[in-house]
Amino acid sequence: MSKPINVMIVDDHSMVREGIKQILELDGDIKVNAEASNGKECISKLKERNVDVLLLDINMPEMNGLQVLQYLREKKSRIKILILTIHNEVEYLIRAVEIGIEGYVLKDSDSSVLKKAIVDINDGNTFIQPELTPILKRRLDDRSLNSRKFEEALTRREIEVLKLLAEGLFNKEIAYTLSISEKTVKNHVSNIFKKINVSDRTQAAVYAIKHNIVDIF
């Protein structure tokens, strides 16, 4: 018999953790060898335990699931991460995919779906909740289309100016950064406002964030 898959469950509700543990350990193929009730506790325990797959909730105190995911990816952790959440909003899924997950499953799924997800990602595959896959594909396609429209609307220099503007730089600072005159920056900003139909710098920054031009996470 092959050794069981070591799993850590991270969720701020103890009854949820206990229920998931009972379901997963029923067949003997999966062993829950660690639990945590928040993100910081999770990161601390990962230093002590040998974990193959991390089951991660999103809404938690002291570092939420996405923050834990971001931290582990920045640290180049090789642990396979499966988001297990009540959130079926595609924005959470997209953000998790962007940071880098192996799996994403909803808490109202059948136990067979969760077990399959754990086995699949432990084997080196990815597993996205089947019902969410078409929504994810459509949204990513829309993002790609919006990005192309955006790039067609603004010149390369205007994109550079907008990025710096969204980061909070003033015209003088943008001019220094790009080695152009402040007057040229003012002209670029004016053109940007017209092209993306906004009236101030805050609206322009929001536009840049919404269209994935800058990342505030």
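Okay, quick definition before we start: two strands count as paired if DSSP finds at least two bridges between them. Keep that in mind while we look at this one, which is a predicted model.

So, take strand β4, residues 80-85, and strand β5, residues 103-106. They're joined by four bridges, and they run parallel.

Now zoom out. What order do the strands of the sheet come in? It goes β2-β1-β3-β4-β5-β6, an open sheet of six strands with parallel pairing. At the edges sit β2 (30-36) and β6 (127-128), and each of those pairs on one side only. In general, strands of a sheet pair through backbone hydrogen bonds, and that can be parallel or antiparallel.

Next up, β1. Is it buried or exposed? Mostly covered: six of its six residues are buried. You can see that on both faces, with I5, V7 and I9 buried on one side, and N6, M8 and V10 buried on the other.

And who are its neighbours? On one hand there's β2, parallel to β1 and held by six bridges, with N6 standing opposite K31. To get from β1 to β2, the chain passes through α1, and that β-α-β crossover is right-handed. Then there's β3, also parallel, with four bridges to β1; here, M8 faces L54.

How values were computed: Residues numbered from 1 in each chain as written. Predicted model: local features only at pLDDT ≥ 70, side-chain atom pairs only at ≥ 80, totals over all residues. Heavy atoms only, no water. Helix = DSSP H or I, 4+ residues; strand = E, 2+ residues; numbered from the N terminus. Buried < 20%, exposed > 50% of the residue type's maximum accessible area, 1.4 Å probe, protein only. Right-handed = clockwise from strand over helix to strand, strands pointing away.
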